[in-house]
Amino acid sequence: MNIATWDDINANLDKAANVYNNFTYDTETDGGILTKLDEVAELMNSIETSINDIGLLYNRLDEKYDKFTDFHDTMQTNETKLKESLKAIREKYRNLISDMKFRISELQKNDKTLIEDLTGIYNLLGECDNKLKPSPEEKIKEIYPKGPPSTPEDAYKDIVSIDVPITTKDGIKKTTKINVNKAVAEDVKKALQVAQDAGFKVYDVQGFNWKGDPDHLSQHSYGLAIDINIAENPCVPIEQAGADNIAWKPNENEYSIGINSPIVQAFEEIGWSWGGYWSTKKDYMHFSFTNS
Ligand SMILES: [Zn+2]
């Protein structure tokens with residue numbers, strides 16, 4: 001099929017206009033009117049054909065567009081399937097790690113001499129587990145699909161004040177107020193309650209705090225991280241992890257958070273991560289929704 005272009009159609013319309021404008025009626029000879037009308041009719045036909053051609057062209061484009069849409073849908077389905085597979089693989093390995101952690105903690109209960117060796121393995125498992133978790137970017141999208149806030153005023157719009165359980169150093173159980181992102185408020189409350197019920201004493205807890213450099217804001221800036229018992233759980237460079245001269249003494253001080261502390265388990269149950277499992281530095285006080 002010869003498909004007419006808009007230029008062809010315009011040229012034909014010009015020709016038709018020309019024939020019409022130059023038409024004169026001659027009463028004696030009829031001015032060749034029939035011939036002229038035939039010419040006009042022929043041009044009008046060709047214009048109609050051209051318009052039909054254009055219509056066919058549009059239909060073809062429509063078909064192609066449908067195919068493209070189908071292709072796009074298939075790609076989207078594939079992407080979703082891939083993401084689900086990745087999630088399933090991550091989950092599988094994380095369950096395996098969690099099972100190994102449990103076995104190690106059981107072994108430690110029976111044989112105290114194993115503690116030193118097993119602590120290293122346990123810590124390694126924790127680091128592996130952290131690496132299998134969704135990336136901080138993926139996690140932050142769950143809360144802020146269009147990107148996180150860039151000013152404290154914007155961030156504060158999502159912050160709520162909640163009452164959470166604490167245990168004072170005198171052993172009194174009471175509640176204190178902390179500011180966190182409303183999306184995680186219930187989970188944080190739950191984890192702190194579970195930890196308290198399991199015997200871990202939180203006497204100091206901090207949440208929302210706009211800090212960090214503008215290119216790399218702290219998760220506290222979004223109310224998605226909390227710090228526990230800061231004095232006994234410092235943030236140290238990796239070389240100082242477990243060093244004698246730092247305040248972190250999980251085997252001696254009940255306020256220090258160790259790998260076997262119920263509070264680590266309690267936060268893992270709500271999908272949070274502990275800074276004590278990081279491999280670049282150790283932020284022993286820090287728990288976060290995004291693992292950063
Ligand atoms: Zn922190």
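Me: In what order do the four strands of the open sheet come?
Reply: In this predicted model, the order is 3-6-10-8, and the pairing between the strands is antiparallel.

Me: And which strands stand at the edges?
Reply: Those are strand 3, residues 205-206, and strand 8, residues 273-274; each has a single partner strand, so one side of each is left without a neighbour in the sheet.

Me: What holds paired strands together, in general?
Reply: Strands of a sheet pair through backbone hydrogen bonds, and they may do so in a parallel or an antiparallel way.

Me: OK, how many bridges are there between strand 6 and strand 10?
Reply: There are three bridges between strand 6, residues 225-228, and strand 10, residues 286-288.

Me: What about strand 3, how many bridges join it to strand 6?
Reply: Two bridges join them, and the two strands run antiparallel; Gln-206 has Asp-227 in strand 6 as its bridge partner.

Me: Are the residues on the two faces of strand 6 buried or exposed?
Reply: They are buried on both faces, with Ala-225 and Asp-227 on one side and Ile-226 and Ile-228 on the other.

Me: New topic: where is Asn-229?
Reply: Asn-229 lies in the loop between strand 6 and strand 7, and its phi is near 40°, a positive value in a residue other than glycine. Asn-229 has 22 other C-beta atoms within 10 Å, and the cut-off for buried is 20 or more, so this residue counts as buried.

Me: And what is the phi of Asn-291?
Reply: Asn-291 has a positive phi of about 60°, although it is not a glycine; this residue sits in the segment after strand 10 and is buried, with 23 C-beta neighbours inside 10 Å.

Conventions: Residues numbered from 1 in each chain as written. Predicted model: local features only at pLDDT ≥ 70, side-chain atom pairs only at ≥ 80, totals over all residues. Pairing = 2+ DSSP bridges. Buried ≥ 20, exposed ≤ 12 C-beta atoms within 10 Å, placed from the backbone.
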